[in-house]
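Dear colleague,

Please find the structure below, together with its sequence.

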Amino acid sequence: MKYLTTSHEDLRGRTVLLRVDMNCPIKDGRIHGKRRIIEAAENLQYLKESRAVVITHQGRVGNDEYVELDGHADILSANCGRPVRYVRDVMGDAAIDAIRSMKNGDIILLDNLRFYAEENYDYKSNADGASSMVVRRLSPHLDACVLDAFPCAHRRHPSITGFAYAGVDAYAGVITGRELTNLSRIMSIAKAPHVVVFGGSKIDDRLYAMDRLLNGGRADHILLTGQVGCLFLYAQARLDASMVSKEITSNHGLVKRAHILMDKYPGKLHTPVDVAVNTGDGRRMDVDVRFARGFTIGDDAGPKNMQIHDIGPNTVEFYSKWISSAGTVFISGPAGRFEHECFAIGTRSILQAAADSAATTIISGGHLTTALANMGLTDKINHVSTAGGALVLYMTGAVLPMVEALNWRQKDEMCVMRT
Ligand code: 3PG
(Lines give C-alpha, C1' and ligand atoms only; values in the text may rest on other atoms or scores of the structure.)
Protein backbone atom coordinates (compact mmCIF):
# COMPACT_ATOMS: atom_id res chain seq x y z
CA MET A 1 0.00 0.00 0.00
CA LYS A 2 1.29 3.52 -0.79
CA TYR A 3 1.18 5.94 2.15
CA LEU A 4 1.09 9.71 2.06
CA THR A 5 3.84 10.10 4.60
CA THR A 6 6.26 12.25 2.63
CA SER A 7 5.82 14.83 -0.11
CA HIS A 8 5.44 12.65 -3.16
CA GLU A 9 7.17 13.97 -6.26
CA ASP A 10 4.47 12.42 -8.37
CA LEU A 11 1.71 14.41 -6.63
CA ARG A 12 3.28 17.82 -7.34
CA GLY A 13 1.20 19.91 -9.68
CA ARG A 14 -1.49 17.25 -9.75
CA THR A 15 -5.15 17.28 -8.79
CA VAL A 16 -5.55 15.09 -5.73
CA LEU A 17 -8.86 14.11 -4.15
CA LEU A 18 -8.54 13.86 -0.35
CA ARG A 19 -11.35 11.79 1.18
CA VAL A 20 -11.29 12.47 4.92
CA ASP A 21 -13.81 11.98 7.71
CA MET A 22 -14.61 15.36 9.26
CA ASN A 23 -17.93 14.10 10.63
CA CYS A 24 -18.04 16.01 13.92
CA PRO A 25 -20.50 16.31 16.79
CA ILE A 26 -22.80 19.30 16.07
CA LYS A 27 -24.79 21.04 18.77
CA ASP A 28 -27.18 23.89 18.00
CA GLY A 29 -25.73 24.02 14.48
CA ARG A 30 -22.16 24.49 15.74
CA ILE A 31 -19.18 22.15 15.61
CA HIS A 32 -18.24 20.64 18.97
CA GLY A 33 -15.02 18.63 19.00
CA LYS A 34 -12.77 19.54 16.08
CA ARG A 35 -10.34 16.67 16.47
CA ARG A 36 -11.22 14.95 13.22
CA ILE A 37 -10.78 18.18 11.24
CA ILE A 38 -7.44 18.84 12.91
CA GLU A 39 -6.30 15.32 12.05
CA ALA A 40 -7.55 15.62 8.46
CA ALA A 41 -5.49 18.82 8.03
CA GLU A 42 -2.28 16.85 8.57
CA ASN A 43 -2.59 15.43 5.07
CA LEU A 44 -2.47 18.87 3.52
CA GLN A 45 1.11 19.47 4.61
CA TYR A 46 2.10 16.74 2.12
CA LEU A 47 0.00 18.27 -0.64
CA LYS A 48 1.39 21.81 -0.59
CA GLU A 49 2.26 21.75 -4.27
CA SER A 50 -0.83 19.84 -5.38
CA ARG A 51 -4.39 20.94 -6.07
CA ALA A 52 -6.26 19.40 -3.16
CA VAL A 53 -9.96 18.62 -3.50
CA VAL A 54 -11.19 17.70 -0.03
CA ILE A 55 -14.38 15.67 0.48
CA THR A 56 -16.17 14.44 3.60
CA HIS A 57 -19.60 13.45 4.86
CA GLN A 58 -21.28 15.05 7.90
CA GLY A 59 -24.17 13.61 9.91
CA ARG A 60 -26.90 11.34 8.62
CA VAL A 61 -29.91 12.36 6.54
CA GLY A 62 -32.45 14.03 8.83
CA ASN A 63 -30.41 14.21 12.03
CA ASP A 64 -29.24 17.44 13.72
CA GLU A 65 -25.69 16.82 12.55
CA TYR A 66 -26.61 16.81 8.85
CA VAL A 67 -25.33 20.28 7.94
CA GLU A 68 -23.37 22.29 5.37
CA LEU A 69 -19.62 22.57 5.75
CA ASP A 70 -18.80 26.30 6.08
CA GLY A 71 -17.56 25.79 9.63
CA HIS A 72 -15.46 22.78 8.60
CA ALA A 73 -13.75 24.83 5.88
CA ASP A 74 -12.81 27.54 8.40
CA ILE A 75 -11.39 25.07 10.92
CA LEU A 76 -9.53 23.16 8.21
CA SER A 77 -8.03 26.40 6.93
CA ALA A 78 -6.96 27.47 10.43
CA ASN A 79 -5.26 24.11 10.96
CA CYS A 80 -3.43 23.78 7.66
CA GLY A 81 -2.46 27.46 7.55
CA ARG A 82 -3.81 27.98 4.02
CA PRO A 83 -7.09 29.27 2.59
CA VAL A 84 -9.75 26.62 1.98
CA ARG A 85 -12.46 27.54 -0.50
CA TYR A 86 -15.83 25.96 0.29
CA VAL A 87 -17.78 25.00 -2.84
CA ARG A 88 -21.48 24.33 -2.22
CA ASP A 89 -21.61 21.45 -4.67
CA VAL A 90 -20.32 17.89 -4.90
CA MET A 91 -20.40 16.80 -8.53
CA GLY A 92 -22.33 19.39 -10.54
CA ASP A 93 -20.94 22.10 -12.82
CA ALA A 94 -19.97 24.34 -9.89
CA ALA A 95 -17.77 21.59 -8.42
CA ILE A 96 -16.20 20.65 -11.77
CA ASP A 97 -15.54 24.30 -12.70
CA ALA A 98 -13.97 24.91 -9.29
CA ILE A 99 -11.68 21.89 -9.71
CA ARG A 100 -10.67 22.86 -13.23
CA SER A 101 -9.78 26.42 -12.23
CA MET A 102 -7.48 25.37 -9.35
CA LYS A 103 -3.81 26.30 -9.23
CA ASN A 104 -1.00 24.46 -7.46
CA GLY A 105 -1.30 24.91 -3.70
CA ASP A 106 -5.05 25.58 -3.83
CA ILE A 107 -7.44 23.72 -1.54
CA ILE A 108 -11.18 23.39 -2.06
CA LEU A 109 -13.72 21.65 0.14
CA LEU A 110 -16.73 20.24 -1.69
CA ASP A 111 -20.13 19.96 -0.04
CA ASN A 112 -21.41 17.29 2.36
CA LEU A 113 -21.27 14.05 0.36
CA ARG A 114 -24.43 12.73 2.01
CA PHE A 115 -26.49 15.45 0.36
CA TYR A 116 -26.50 12.94 -2.52
CA ALA A 117 -28.51 9.76 -2.21
CA GLU A 118 -25.85 7.33 -3.40
CA GLU A 119 -23.48 8.23 -0.54
CA ASN A 120 -26.10 7.00 1.94
CA TYR A 121 -26.15 3.39 0.80
CA ASP A 122 -23.81 0.57 1.60
CA TYR A 123 -23.06 -0.94 -1.79
CA LYS A 124 -22.94 -4.73 -2.12
CA SER A 125 -19.36 -4.89 -3.28
CA ASN A 126 -16.45 -2.46 -3.13
CA ALA A 127 -16.24 -2.32 -6.90
CA ASP A 128 -19.86 -1.14 -7.25
CA GLY A 129 -18.86 2.32 -6.03
CA ALA A 130 -16.83 2.78 -9.22
CA SER A 131 -20.01 3.15 -11.25
CA SER A 132 -21.59 5.72 -8.92
CA MET A 133 -22.28 9.18 -10.28
CA VAL A 134 -19.89 10.97 -7.95
CA VAL A 135 -16.99 8.75 -9.06
CA ARG A 136 -17.91 8.93 -12.74
CA ARG A 137 -18.18 12.71 -12.70
CA LEU A 138 -15.14 13.58 -10.58
CA SER A 139 -12.63 10.91 -11.69
CA PRO A 140 -11.85 12.42 -15.12
CA HIS A 141 -10.64 15.57 -13.33
CA LEU A 142 -8.38 13.79 -10.83
CA ASP A 143 -4.81 12.51 -11.04
CA ALA A 144 -4.85 10.67 -7.71
CA CYS A 145 -6.81 10.18 -4.52
CA VAL A 146 -5.76 9.99 -0.89
CA LEU A 147 -8.10 7.85 1.16
CA ASP A 148 -7.96 8.87 4.79
CA ALA A 149 -11.54 8.57 6.05
CA PHE A 150 -10.49 5.92 8.57
CA PRO A 151 -13.55 6.41 10.86
CA CYS A 152 -15.74 5.68 7.84
CA ALA A 153 -13.52 2.93 6.37
CA HIS A 154 -16.13 0.28 7.24
CA ARG A 155 -18.76 1.80 4.95
CA ARG A 156 -18.98 0.54 1.39
CA HIS A 157 -19.84 4.02 0.12
CA PRO A 158 -18.87 5.35 -3.33
CA SER A 159 -16.38 7.91 -2.03
CA ILE A 160 -14.71 5.30 0.18
CA THR A 161 -14.04 2.54 -2.35
CA GLY A 162 -15.22 3.84 -5.73
CA PHE A 163 -12.31 6.03 -6.85
CA ALA A 164 -9.69 3.31 -6.31
CA TYR A 165 -11.80 0.73 -8.14
CA ALA A 166 -12.36 3.21 -10.97
CA GLY A 167 -8.60 3.17 -11.48
CA VAL A 168 -7.66 6.48 -9.82
CA ASP A 169 -4.13 6.23 -8.36
CA ALA A 170 -4.70 5.75 -4.59
CA TYR A 171 -2.66 6.52 -1.48
CA ALA A 172 -3.51 5.81 2.16
CA GLY A 173 -3.62 9.05 4.17
CA VAL A 174 -1.70 10.03 7.28
CA ILE A 175 -4.30 8.90 9.84
CA THR A 176 -4.94 5.60 8.12
CA GLY A 177 -1.22 4.88 8.04
CA ARG A 178 -0.87 5.69 11.74
CA GLU A 179 -3.93 3.67 12.74
CA LEU A 180 -2.93 0.56 10.82
CA THR A 181 0.66 0.62 12.11
CA ASN A 182 -0.31 1.17 15.76
CA LEU A 183 -3.16 -1.30 15.71
CA SER A 184 -1.14 -4.13 14.21
CA ARG A 185 1.55 -3.54 16.88
CA ILE A 186 -1.04 -3.50 19.67
CA MET A 187 -2.87 -6.57 18.40
CA SER A 188 0.41 -8.49 18.39
CA ILE A 189 0.89 -7.84 22.14
CA ALA A 190 -2.78 -7.99 23.22
CA LYS A 191 -3.29 -10.43 26.10
CA ALA A 192 -6.38 -12.17 27.51
CA PRO A 193 -8.76 -11.65 29.14
CA HIS A 194 -10.10 -9.32 26.48
CA VAL A 195 -12.71 -7.00 27.96
CA VAL A 196 -14.80 -4.87 25.61
CA VAL A 197 -16.98 -1.99 26.83
CA PHE A 198 -19.65 -1.01 24.34
CA GLY A 199 -21.83 2.09 24.56
CA GLY A 200 -23.06 4.81 22.24
CA SER A 201 -26.11 4.85 20.02
CA LYS A 202 -25.23 2.85 16.89
CA ILE A 203 -26.95 -0.31 18.12
CA ASP A 204 -27.08 -2.18 14.84
CA ASP A 205 -23.31 -1.93 14.26
CA ARG A 206 -22.65 -3.01 17.85
CA LEU A 207 -24.80 -6.16 17.69
CA TYR A 208 -23.00 -7.31 14.57
CA ALA A 209 -19.60 -6.63 16.15
CA MET A 210 -20.48 -8.44 19.40
CA ASP A 211 -21.18 -11.66 17.59
CA ARG A 212 -17.96 -11.44 15.60
CA LEU A 213 -15.83 -10.51 18.62
CA LEU A 214 -17.17 -13.28 20.86
CA ASN A 215 -17.24 -15.87 18.11
CA GLY A 216 -13.69 -15.08 17.02
CA GLY A 217 -12.30 -15.16 20.58
CA ARG A 218 -11.42 -11.45 20.39
CA ALA A 219 -13.65 -10.64 23.36
CA ASP A 220 -14.00 -12.70 26.55
CA HIS A 221 -16.45 -10.35 28.22
CA ILE A 222 -18.53 -7.48 26.88
CA LEU A 223 -19.74 -4.81 29.31
CA LEU A 224 -22.75 -2.95 27.98
CA THR A 225 -23.56 0.72 28.50
CA GLY A 226 -25.32 3.48 26.53
CA GLN A 227 -28.15 2.67 24.14
CA VAL A 228 -26.93 -0.85 23.55
CA GLY A 229 -27.00 -1.48 27.32
CA CYS A 230 -30.59 -0.19 27.38
CA LEU A 231 -31.51 -2.59 24.57
CA PHE A 232 -30.31 -5.62 26.54
CA LEU A 233 -31.98 -4.46 29.77
CA TYR A 234 -35.21 -3.96 27.84
CA ALA A 235 -34.85 -7.39 26.21
CA GLN A 236 -34.43 -8.84 29.73
CA ALA A 237 -37.74 -7.12 30.67
CA ARG A 238 -35.99 -4.99 33.28
CA LEU A 239 -37.09 -1.64 31.85
CA ASP A 240 -40.39 -0.09 30.82
CA ALA A 241 -40.75 0.99 27.21
CA SER A 242 -40.98 4.63 28.36
CA MET A 243 -37.41 4.42 29.70
CA VAL A 244 -35.73 3.54 26.40
CA SER A 245 -35.60 5.12 22.96
CA LYS A 246 -38.19 4.58 20.22
CA GLU A 247 -35.51 2.95 18.10
CA ILE A 248 -35.45 0.11 20.64
CA THR A 249 -39.17 -0.27 21.28
CA SER A 250 -40.28 0.03 17.67
CA ASN A 251 -37.72 -2.35 16.20
CA HIS A 252 -38.51 -5.90 17.34
CA GLY A 253 -35.59 -7.16 15.30
CA LEU A 254 -33.16 -5.51 17.72
CA VAL A 255 -34.73 -7.17 20.77
CA LYS A 256 -34.70 -10.50 18.98
CA ARG A 257 -31.04 -10.16 18.10
CA ALA A 258 -30.24 -9.28 21.72
CA HIS A 259 -31.97 -12.51 22.81
CA ILE A 260 -30.06 -14.56 20.25
CA LEU A 261 -26.76 -13.16 21.52
CA MET A 262 -27.63 -13.76 25.19
CA ASP A 263 -28.55 -17.38 24.39
CA LYS A 264 -25.49 -17.95 22.26
CA TYR A 265 -22.96 -16.44 24.72
CA PRO A 266 -24.17 -17.11 28.28
CA GLY A 267 -22.17 -15.30 30.95
CA LYS A 268 -20.28 -13.20 28.41
CA LEU A 269 -22.56 -10.18 28.11
CA HIS A 270 -22.89 -7.96 31.17
CA THR A 271 -25.61 -5.38 31.66
CA PRO A 272 -25.79 -2.41 34.06
CA VAL A 273 -26.97 -3.17 37.59
CA ASP A 274 -28.17 0.40 38.06
CA VAL A 275 -28.98 3.27 35.73
CA ALA A 276 -29.38 7.04 35.99
CA VAL A 277 -32.67 8.44 34.79
CA ASN A 278 -33.46 11.99 33.81
CA THR A 279 -36.08 13.10 36.32
CA GLY A 280 -37.58 15.41 33.71
CA ASP A 281 -36.04 18.63 34.99
CA GLY A 282 -32.55 17.66 33.88
CA ARG A 283 -31.59 16.16 37.24
CA ARG A 284 -30.16 12.70 37.71
CA MET A 285 -31.58 9.92 39.82
CA ASP A 286 -29.86 6.53 40.16
CA VAL A 287 -32.16 3.52 40.08
CA ASP A 288 -31.35 -0.13 40.82
CA VAL A 289 -32.47 -2.10 37.74
CA ARG A 290 -34.30 -4.58 40.01
CA PHE A 291 -36.73 -1.80 40.84
CA ALA A 292 -36.66 0.11 37.56
CA ARG A 293 -39.95 -1.12 36.11
CA GLY A 294 -42.85 1.04 37.14
CA PHE A 295 -40.47 3.50 38.79
CA THR A 296 -42.00 6.93 39.48
CA ILE A 297 -40.81 9.99 41.33
CA GLY A 298 -42.61 11.44 44.37
CA ASP A 299 -46.42 11.26 44.58
CA ASP A 300 -46.96 12.21 41.01
CA ALA A 301 -47.39 8.96 39.13
CA GLY A 302 -48.04 10.80 35.86
CA PRO A 303 -45.80 10.17 32.89
CA LYS A 304 -42.44 11.86 33.18
CA ASN A 305 -39.44 11.90 30.95
CA MET A 306 -37.71 9.03 32.71
CA GLN A 307 -35.36 8.02 29.94
CA ILE A 308 -32.05 6.49 30.91
CA HIS A 309 -29.14 8.85 30.43
CA ASP A 310 -26.23 7.09 32.16
CA ILE A 311 -25.07 4.02 34.07
CA GLY A 312 -25.25 4.15 37.86
CA PRO A 313 -22.45 4.09 40.49
CA ASN A 314 -22.77 0.36 41.26
CA THR A 315 -22.37 -0.45 37.57
CA VAL A 316 -19.29 1.77 37.47
CA GLU A 317 -17.82 -0.19 40.38
CA PHE A 318 -18.77 -3.57 38.87
CA TYR A 319 -17.33 -2.69 35.42
CA SER A 320 -14.20 -1.07 36.87
CA LYS A 321 -13.28 -4.41 38.47
CA TRP A 322 -13.49 -6.15 35.10
CA ILE A 323 -11.40 -3.39 33.52
CA SER A 324 -8.68 -3.51 36.19
CA SER A 325 -8.29 -7.30 35.92
CA ALA A 326 -8.26 -7.40 32.10
CA GLY A 327 -5.27 -8.06 29.83
CA THR A 328 -6.72 -5.92 27.04
CA VAL A 329 -9.49 -3.34 27.27
CA PHE A 330 -11.28 -1.94 24.25
CA ILE A 331 -13.87 0.80 24.85
CA SER A 332 -16.15 2.22 22.18
CA GLY A 333 -19.06 4.63 22.65
CA PRO A 334 -20.01 6.78 25.66
CA ALA A 335 -21.86 5.25 28.64
CA GLY A 336 -24.47 8.01 28.63
CA ARG A 337 -25.30 11.54 27.59
CA PHE A 338 -21.94 12.79 28.69
CA GLU A 339 -22.44 16.21 27.11
CA HIS A 340 -24.69 16.97 30.14
CA GLU A 341 -22.51 17.35 33.19
CA CYS A 342 -24.68 15.26 35.54
CA PHE A 343 -24.84 12.34 33.09
CA ALA A 344 -21.10 12.32 32.35
CA ILE A 345 -20.20 10.37 35.50
CA GLY A 346 -20.44 6.91 33.91
CA THR A 347 -18.39 7.80 30.82
CA ARG A 348 -15.70 9.58 32.85
CA SER A 349 -15.45 6.81 35.46
CA ILE A 350 -15.07 4.10 32.80
CA LEU A 351 -12.33 6.13 31.10
CA GLN A 352 -10.61 6.68 34.46
CA ALA A 353 -10.73 2.92 35.15
CA ALA A 354 -9.10 2.26 31.77
CA ALA A 355 -6.40 4.86 32.46
CA ASP A 356 -5.67 3.25 35.86
CA SER A 357 -5.64 -0.31 34.50
CA ALA A 358 -2.39 -2.16 33.71
CA ALA A 359 -4.10 -3.66 30.66
CA THR A 360 -3.35 -2.70 27.08
CA THR A 361 -6.01 -0.08 26.40
CA ILE A 362 -7.74 1.13 23.26
CA ILE A 363 -10.30 3.94 23.26
CA SER A 364 -12.37 4.49 20.16
CA GLY A 365 -14.75 7.10 18.74
CA GLY A 366 -15.02 10.88 18.54
CA HIS A 367 -17.07 11.32 21.71
CA LEU A 368 -14.82 9.23 23.95
CA THR A 369 -11.60 10.70 22.61
CA THR A 370 -12.94 14.19 23.28
CA ALA A 371 -13.96 13.23 26.83
CA LEU A 372 -10.58 11.60 27.40
CA ALA A 373 -8.72 14.69 26.18
CA ASN A 374 -10.87 16.93 28.43
CA MET A 375 -9.90 14.74 31.38
CA GLY A 376 -6.19 14.97 30.46
CA LEU A 377 -5.94 11.17 30.24
CA THR A 378 -5.02 10.66 26.58
CA ASP A 379 -1.38 9.82 27.41
CA LYS A 380 -2.44 7.05 29.76
CA ILE A 381 -4.08 5.02 26.99
CA ASN A 382 -2.16 2.81 24.54
CA HIS A 383 -4.18 3.66 21.46
CA VAL A 384 -6.68 6.47 21.04
CA SER A 385 -8.65 6.65 17.81
CA THR A 386 -11.36 9.00 16.59
CA ALA A 387 -12.75 6.04 14.64
CA GLY A 388 -15.77 4.32 16.23
CA GLY A 389 -17.57 1.73 14.11
CA ALA A 390 -14.60 1.25 11.77
CA LEU A 391 -12.27 0.44 14.63
CA VAL A 392 -14.82 -1.91 16.17
CA LEU A 393 -15.01 -3.78 12.89
CA TYR A 394 -11.23 -3.83 12.58
CA MET A 395 -11.03 -5.38 16.07
CA THR A 396 -13.31 -8.20 14.91
CA GLY A 397 -10.63 -9.16 12.39
CA ALA A 398 -12.53 -7.92 9.34
CA VAL A 399 -10.72 -6.13 6.52
CA LEU A 400 -12.22 -2.66 6.13
CA PRO A 401 -13.62 -1.81 2.67
CA MET A 402 -11.43 1.31 2.38
CA VAL A 403 -8.31 -0.72 3.18
CA GLU A 404 -9.43 -3.40 0.73
CA ALA A 405 -9.82 -0.73 -1.94
CA LEU A 406 -6.30 0.59 -1.30
CA ASN A 407 -4.85 -2.93 -1.44
CA TRP A 408 -6.82 -3.74 -4.57
CA ARG A 409 -5.58 -0.60 -6.36
CA GLN A 410 -2.02 -1.44 -5.40
CA LYS A 411 -2.30 -4.96 -6.84
CA ASP A 412 -3.96 -3.56 -9.95
CA GLU A 413 -1.06 -1.15 -10.37
CA MET A 414 1.46 -4.01 -10.09
CA CYS A 415 -0.43 -5.90 -12.81
CA VAL A 416 -0.40 -2.86 -15.10
CA MET A 417 3.34 -2.40 -14.50
CA ARG A 418 4.05 -6.04 -15.33
CA THR A 419 2.07 -6.14 -18.57
C1 3PG B 1 -18.47 7.83 12.39
O2 3PG B 1 -18.62 8.92 12.94
O3 3PG B 1 -18.49 6.76 13.01
C4 3PG B 1 -18.20 7.82 10.91
O5 3PG B 1 -18.09 9.11 10.41
C6 3PG B 1 -19.25 7.04 10.17
O7 3PG B 1 -20.50 7.65 10.33
P8 3PG B 1 -21.82 6.80 10.06
O9 3PG B 1 -21.95 5.79 11.18
O10 3PG B 1 -22.93 7.82 10.05
O11 3PG B 1 -21.66 6.11 8.74
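In this predicted model, the ligand is surrounded by Asp21, Asn23, Arg36, His57, Arg60, Arg114, Pro151, Arg155 and Lys202. Sorted by class, this shell has six charged residues, two polar residues and one nonpolar residue.

Asp21 places a polar side-chain atom 2.7 Å from an oxygen atom of the ligand, and for Arg155 the corresponding distance to a ligand oxygen atom is 2.7 Å. In the case of His57, a polar side-chain atom lies 2.9 Å from an oxygen atom of the ligand. On its own, the ligand has 310 Å² of accessible area, and the protein covers 93% of this.

I turn now to the sheet. Six strands form an open sheet with parallel pairing, in the order β5-β6-β4-β1-β7-β8. Val53 has Ile108 in β6 as its bridge partner.

Two helices that pack on the sheet also deserve attention. Helix α2 (residues 70–80) touches β4, β5 and β6, and its direction makes about 155° with that of β6. Helix α6 (residues 174–189) touches β7 (144–148) and β8, and the direction of α6 makes about 45° with that of β7.

Yours sincerely

How values were computed
Residues are numbered from 1 along each chain as its sequence is written. This is a predicted model: local features need pLDDT of at least 70, side-chain atom pairs count only at pLDDT 80 or more; totals for chains, interfaces and linings use all residues. Side-chain values use heavy atoms; hydrogens and water are left out. A residue is near a molecule or strand if one of its heavy atoms lies within 4 Å of it. A polar contact is a pair of N or O atoms within 3.5 Å; within protein, one must be able to donate a hydrogen and the other to accept it, and residues adjacent in sequence count only if both atoms are side-chain atoms. Accessible areas come from the Shrake-Rupley method with a 1.4 Å probe; for residues, only the protein chains shown count as cover. Ala, Val, Leu, Ile, Met, Phe, Trp, Tyr, Cys and Pro count as nonpolar, Asp, Glu, Lys and Arg as charged, and the others, Gly among them, as polar. Two strands pair if DSSP finds at least two bridges between them. Helices (H or I, at least four residues) and strands (E, at least two) are DSSP runs, numbered from the N terminus. Contact means heavy atoms within 4.5 Å. Axes are lines fitted to C-alpha atoms, for helices over the stretch in contact, and angles run from 0 to 180 degrees between N-to-C directions.
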